[in-house]
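Here is a report on a two-chain model, arranged by topic. Please keep the sequence and the structure in view while reading.

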Amino acid sequence: MFGKLGWDAIPLGQPIPLIAGAVVMLVLLGILAWVAVKGWLPYFWNEWITSVDHKHIGIMYVLLGLVMLLRGFIDAIMMRSQQALAFHAQGYLPPEHYDQVFSAHGTLMILFGAMPLVIGIMNFVVPLQLGVRDVAFPTLNSVSFWLTATGALLVNISLVVGEFSRVGWLPYPPLSELRYSPGVGVDYYLWAVQISGIGTLLTGINFVTTILKIRAPGMTYLRMPMFCWTALASCLLIIAAFPVLTASLAMLTLDRYLGFHFFTNEAGGNAMMFVNLIWAWGHPEVYILVLPAFGIYSEVISTFSGKPLFGYRSMVAATLFICIVSFCVWLHHFFTMGAGGDVNAVFGIASSIIAVGTGVKMYNWLFTMYGGRIRFATPMLWSLGFMTTFITGGLTGVLLAVPPADFLLHNSMFLVAHFHHVIVGGVVFAVFAALIYWWPKAFGFRLHEGWGKAAFWCALAGFYVTFVPFYIDGVLGMTRRLQHYDVAEWRPWILVSAFGVLILLAGAVCQIVQIIVSITHRNELRDTTGDPWDGRSLEWATPSPPPVFNFAILPQVHDAEAYWDVKRRAREMNGSGLEPHYEAVEMPRNSPTGFVCAFFATIIGFALVWHIWWLMIAGLVGAYATFVVFAWRDVPEYVIPADEVARIDRANRLARQEALHGASAA
Amino acid sequence: MSAAGATISTSDPYRLGSRGPNLARGHGGGGPASKRVVVGYGFWLFLLSDIVIFACLFATYAVLSDATAGGPKARDIFDLQRVAIETACLLASSFFCGIATIAVARRNQILTQAALIATGLLGLAFILLEASEFAALHAQGDGPTRSAFLTAFFTLVGCHGVHVTAGLLWLGTMMAQFYAKGFRPDIGRRFLCFSMFWHFLDIVWVAIFSLVYLVGTRL
């Protein structure tokens with residue numbers, strides 16, 4: 001009846017996951033009960049869960065990403081403390097649990113932390129920067145988000161029902177085959193990543209269509225803000241790379257479920273083919289994450305230097321160069337496979353060349369700051385922290401791209417240090433810069449600067465204290481993923497690294513405090529103008545938070561810095577010009593399709609993990625029924641009358657005129 | 001680029017041979033494209049991503065096609081006659097899908113439904129033939145678990161079959177929508193996507209027919 005699921009799936013013998021799971025369940029139930037008691041359920045259902053508004057979906061993505069980032073950070077604390085204790089000892093995490101912790105850490109951080117954060121920021125910002133009202137396919141956008149949430153939910157269910165994968169964040173066969181991993185851990189991984197991967201693919205399709213086909217009048221390609229260019233490159237990579245992930249995970253799934261022989265040791269299977277396929281996705285994946293991060297830095301550095309971005313066209317070219325070359329480097333993840341000197345040389349050279357594109361960007365950011373009037377607000381601090389950290393990470397990456405060096409450093413702590421330098425220093429720093437930069441646009445008030453700076457300095461110091469020792473341990477020969485060890489030379493650096501995690505923890509606490517303090521002091525931090533940073537692109541032309549339709553009239557773009565151009569004209573004309581003629585606006589209606597789809601996807605995923613076939617069939621039928629019901633709807637849009645549009649836009653114009661006159665008076 | 005640009009853009013919307021601003025909707029600075037263009041474009045992107053999935057399966061098949069593990073080789077199990085009939089069914093099915101496109105453009109309900117029924121029946125015939133091939137192989141002990149070659153073969157061809165089956169379900173909903181709601185613009189856009197999907201499956205099948213069946217029986 002319930003397939004492989006029985007009471008033995010609940011880890012009653014292991015207190016840590018059980019207590020963690022119980023706490024999470026209690027918190028979730030508590031929040032739900034609180035919301036229900038306050039009578040907010042209809043609000044959450046109408047305004048958030050069923051919302052197809054790209055701004056609300058973006059905020060939900062970021063929230064999911066932040067929660068998963070915290071969950072992955074807890075895994076990191078467990079790994080650091082385990083290694084601090086497990087010198088000539090077993091520590092407090094047995095191997096089978098420690099293996100799940102590092103597998104969950106990688107999976108959560110990349111696929112359910114960084115990806116939702118980056119995609120959430122794209123969701124919120126891109127349509128605003130393009131000067132349009134929504135993405136190309138609003139309901140599909142909601143489906144994407146909820147499928148991602150389904151994946152995150154499945155990973156977290158595995159904490160208390162069954163187990164998670166123990167084979168690392170990429171399930172290399174033959175270890176991940178049924179013979180060596182008979183439990184449900186790998187199955188949880190496969191279905192969680194597969195379902196969320198489909199969500200990500202749909203996002204990629206949605207945003208490429210939006211950016212290439214739906215822009216404000218006058219916004220030619222070379223007038224798009226840099227963040228839109230990087231989002232475009234990232235989404236092109238998603239369309240080209242995520243199907244490879246889907247295919248390779250599907251093949252492993254067939255091996256495990258139906259006894260196929262893609263990657264098995266028997267009957268002619270080829271395990272190295274999985275490694276090739278998964279990295280043909282995996283390497284573009286890191287550029288999917290870091291290209292939008294580059295876009296964020298471009299926006300932040302330009303705004304806080306008070307200058308246009310230096311070398312805009314070369315920045316576009318560098319972005320597209322990275323986009324293409326990122327598909328020609330995947331083999332550097334396994335130089336030791338034995339493909340031969342020629343193949344290794346080709347991929348080694350390609351891996352070094354891709355750093356040229358990033359180098360172009362670095363110089364462009366430096367020259368953007370040169371001669372500018374720099375304001376050291378928190379987003380700018382994160383950007384500066386990124387520039388130093390990413391250069392270190394990039395240089396060690398170029399070192400690892402040299403095959404002979406890689407033979408020595410392969411799978412060592414040096415590698416772990418390298419990719420944390422580029423992913424934390426590149427992506428996570430960008431996410432915090434973006435969070436503080438666009439927060440006032442999303443919620444109508446700024447974040448507290450003091451706590452933000454404290455969070456930044458703790459994170460930066462904690463980052464270096466944690467990860468620089470990894471380089472040293474790597475050179476000393478320490479491999480990654482060790483549950484215990486007995487080499488005395490490694491020990492001091494492990495302890496330094498554990499201390500660094502405490503500093504990072506202080507940073508995380510400061511970051512949470514910053515958000516709480518800012519919410520309680522929101523009236524003092526209120527952004528009344530909609531343009532708190534003296535911004536240059538169109539999102540700052542809307543009030544904070546923007547109305548559901550973003551722009552009452554689609555703006556006419558004349559310049560690469562659309563809003564800066566508007567402000568300049570307004571100053572010349574000493575006012576915002578004549579009031580436009582307002583018309584009624586058609587907006588897509590909210591739809592529970594995404595949420596219902598995710599509900600059935602969760603059922604299907606859970607049923608497949610535990611081999612509960614009747615439940616899987618029920619879930620499939622439900623998903624198909626949802627599709628038909630959605631196709632059957634008659635009124636996909638609603639109309640906001642012209643009077644209402646005019647009322648909202650007049651308030652925005654008034655605030656801007658006051659700000660303009662205030663600036664000229666001061 | 002006000003009045004003068006607008007007049008030029010109506011006579012020559014894509015500004016062929018001109019270096020001036022492109023004011024066609026959805027191009028350059030012309031503002032958002034029409035819904036039909038947006039939907040079609042998005043679906044094209046989806047098809048491209050689907051092609052990447054098939055590319056992975058083709059590459060895997062190429063790598064594993066010699067890994068027969070002592071089991072049958074390609075030429076031992078392929079029956080070209082059956083495959084030729086399958087191919088004919090699928091291509092004819094696409095032909096009727098094209099007829100349906102014309103019927104939809106003419107708002108002709110009877111012709112639309114008839115052409116879609118023909119499309120669906122031919123698609124169903126294709127699926128049944130493929131299923132019988134799979135069942136026969138399985139019955140003689142040459143199922144996908146026999147060797148890595150058969151694993152790759154069943155997955156590549158089966159993945160195409162799953163797509164056709166999903167297409168048949170979609171086709172059913174399209175017929176129902178045309179019948180119940182008529183030729184609404186949004187349903188027309190969905191049909192545009194469906195016909196693209198159906199022709200795309202043809203293209204994939206042509207690749208499977210050539211690279212798997214034809215090449216396989218020659219080696």
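## Chain B: fold and contacts

In chain B, 69% of the contacts with a separation of 6 or more link residues 24 or more positions apart. Two residues are in contact if their C-beta atoms, placed from the backbone, lie within 7 Å. This is a predicted model, in which local features need pLDDT of at least 70, side-chain atom pairs count only at pLDDT 80 or more, and totals for chains, interfaces and linings use all residues. Residues are numbered from 1 along each chain as its sequence is written, while chains are lettered from A and ligands numbered from 1 in the order in which they are written.

Chain B has seven helices and zero strands. Its elements run α-α-α-α-α-α-α from the N terminus on. Helices (H or I, at least four residues) and strands (E, at least two) are DSSP runs, numbered from the N terminus. Of the 219 residues of chain B, 35% are buried. Buried means 20 or more other C-beta atoms within 10 Å of the residue's own; exposed means 12 or fewer, and partly exposed lies in between, with C-beta atoms placed from the backbone.

## Where the chains meet

On the chain B side, 37 residues are in contact with 40 residues of chain A. Helix H2 (35-64) and helix H6 (148-181) of chain B each supply at least two residues of that side. H2(B) gives the largest share, 16 residues.

By class, the chain B side has 20 nonpolar, 15 polar and two charged residues. Here Ala, Val, Leu, Ile, Met, Phe, Trp, Tyr, Cys and Pro count as nonpolar, Asp, Glu, Lys and Arg as charged, and the others, Gly among them, as polar.

## Two packed helices in chain A

Helix H4 (residues 95-130) and helix H13 (residues 413-443) of chain A pack at an angle of about 35°, with axes 10 Å apart. Axes are lines fitted to C-alpha atoms, for helices over the stretch in contact, and angles run from 0 to 180 degrees between N-to-C directions. H4(A) passes H13(A) in a left-handed crossing: the near helix is turned anticlockwise from the far one by less than a right angle, whereas clockwise would be right-handed.

H4(A) brings Ala114(A), Leu117(A), Val118(A), Ile121(A), Phe124(A) and Val125(A) to the contact. H13(A) brings Ile423(A), Val427(A), Val431(A), Ala434(A), Trp438(A) and Ala442(A). The contact has 12 nonpolar, no polar and no charged residues.

## The nonpolar core

The largest nonpolar core holds 238 residues. Such a core is a set of buried Ala, Val, Leu, Ile, Met, Phe, Trp, Tyr and Cys residues joined through C-beta atoms within 7 Å. Tyr297(A), Val427(A), Ala430(A) and Ala433(A) touch the most other members. Not counting residues up to four places away in sequence, Val427(A) touches Ala114(A), Val118(A), Leu289(A), Val290(A) and Ala293(A).

## Helix H10 of chain A

Helix H10 (residues 341-369) of chain A has 29 residues and should span 42 Å at 1.5 Å a residue; its end C-alpha atoms are 43 Å apart, which agrees. The expected span is 1.5 Å times one less than the number of residues. Buried residues of H10(A) include Asn344(A), Phe347(A), Lys361(A) and Trp365(A). The buried residues pack against helix H8 (271-305), helix H9 (312-325), helix H11 (378-400) and helix H12 (403-409) of chain A. Just after H10(A), Gly371(A) takes a positive phi of about 75°.

## Backbone exceptions

Most residues other than glycine have a negative phi, and most peptide bonds are trans. Pro173(A) and Pro174(A) are joined by a cis peptide bond, with omega about 0°. Pro174(A) sits in the loop between helix H5 (138-157) and helix H6 (185-213) of chain A. Another cis bond joins Ser544(A) and Pro545(A), with omega about -15°.

Pro545(A) lies in the loop between helix H15 (491-520) and helix H16 (562-573) of chain A. Asp534(A) lies in the loop between H15 and H16 of chain A. Asp534(A) is not a glycine, yet has a positive phi of about 60°. Asp534(A) is partly exposed because 16 other C-beta atoms lie within 10 Å.

## A buried arginine

Arg446(A) is in the loop between H13 and helix H14 (449-475) of chain A. Arg446(A) counts as buried because it has 23 C-beta neighbours inside 10 Å. Arg446(A) and Arg526(A) are 80 residues apart in sequence and 6.4 Å apart in space, C-alpha to C-alpha.
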